[in-house]
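Q: Hi! I've got a structure open and would like to talk it through. Could you help me with the side chains?

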Amino acid sequence: MNPARVRREDVKQLTDLPNVGPKIAAALGEIGIHDPGDLQGADPWVLYQALCTARGERQDPCVLDVFIAITRFADGAPPKPWWAFTAERKSRHPDI
């Protein structure tokens, strides 16, 4: 969902989260995330690594940006577009 349209009180399913559409929701399901509450306290890097392992190949680095965005949101931060986290990802994980 577009971050500008997200209302925290309306988040009931994964696709209600900022930046999450059907494909990211399916990817999250592959690694055992089925509910927005499952993301509270989650480490986006661990989620990304789990998805890479589950799929048997490195995923697009932008997926990590999305995982940062949604875990931060789940922990109470305001909704932001995934690209707001690209610089952080590049500085913390320059290898991907």
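Predicted model: local features only at pLDDT ≥ 70, side-chain atom pairs only at ≥ 80, totals over all residues.

Q: How are the rings of tryptophan 82 and tryptophan 83 arranged?
A: Their centres are 5.6 Å apart and the planes stand at 85°, so this is an edge-to-face pair.

Q: How many aromatic pairs are there?
A: The count is two. Besides the tryptophan pair, tryptophan 45 and tyrosine 48 have ring centres 5.8 Å apart with planes at 25°, so those rings are stacked.

Q: Where do tryptophan 45 and tyrosine 48 lie?
A: Both are in helix H2, three residues apart, which is about one turn of the helix.

Q: Why does that spacing matter for which way residues point?
A: An α-helix has 3.6 residues a turn, so residues three or four places apart point the same way.

Q: Is tyrosine 48 buried or exposed?
A: Tyrosine 48 is buried, at 2% relative accessibility.

Q: New topic: what sits over the ring of phenylalanine 73?
A: That would be the charged end of arginine 8, which is 3.9 Å from the centre of the ring.

Q: OK, salt bridges. How many does the structure hold?
A: Six. One of them joins aspartate 65 and arginine 89, with N and O 2.7 Å apart. Aspartate 65 is in helix H3 and arginine 89 is in helix H4 (residues 86-92), so the bridge ties together parts 24 residues apart in sequence.

Q: Are aspartate 65 and arginine 89 buried or exposed?
A: Both partners are tucked away: aspartate 65 counts as buried at 0% relative accessibility, and arginine 89 is buried too, at 5%.

Q: What about glutamate 30, which side chain does it meet?
A: Glutamate 30 forms a salt bridge with arginine 55, at 2.8 Å from N to O. This pair also links distant parts of the chain, with glutamate 30 in helix H1 and arginine 55 in helix H2, 25 residues apart. Glutamate 30 is partly exposed at 42% relative accessibility, and arginine 55 is partly exposed at 36%.

Q: And which residue does aspartate 10 bridge to?
A: Arginine 7 is a partner, with the closest N and O atoms 2.9 Å apart. Aspartate 10 is partly exposed at 41%, as is arginine 7 at 47%. There is a network here as well: salt bridges link Arg7, Glu9 and Asp10.

Q: Back to helix H1. Which residues are buried there?
A: In H1, which runs over residues 22-30, the buried ones are Ile24, Ala25, Ala27 and Leu28. They sit on the same side of H1, because they cover an arc of only 160° around the axis.

Q: What is on the other side of H1?
A: Pro22 and Lys23 are there, and they are exposed.

Q: What covers the buried residues of H1?
A: The cover includes helix H2 (44-55) and helix H3 (61-74).

Q: Last one: which glycine follows H1?
A: Glycine 32, and its phi is positive, near 90°.

Methods
Residues numbered from 1 in each chain as written. Heavy atoms only, no water. Buried < 20%, exposed > 50% of the residue type's maximum accessible area, 1.4 Å probe, protein only. Helix = DSSP H or I, 4+ residues; strand = E, 2+ residues; numbered from the N terminus. Arc of directions from axis to C-beta. Contact = heavy atoms within 4.5 Å. Phe/Tyr/Trp six-rings, centres within 6.5 Å; stacked < 30°, edge-to-face > 60°. Lys NZ or Arg CZ within 6 Å of the ring centre and 35° of its normal. Salt bridge = Lys/Arg side-chain N within 4 Å of Asp/Glu carboxyl O.
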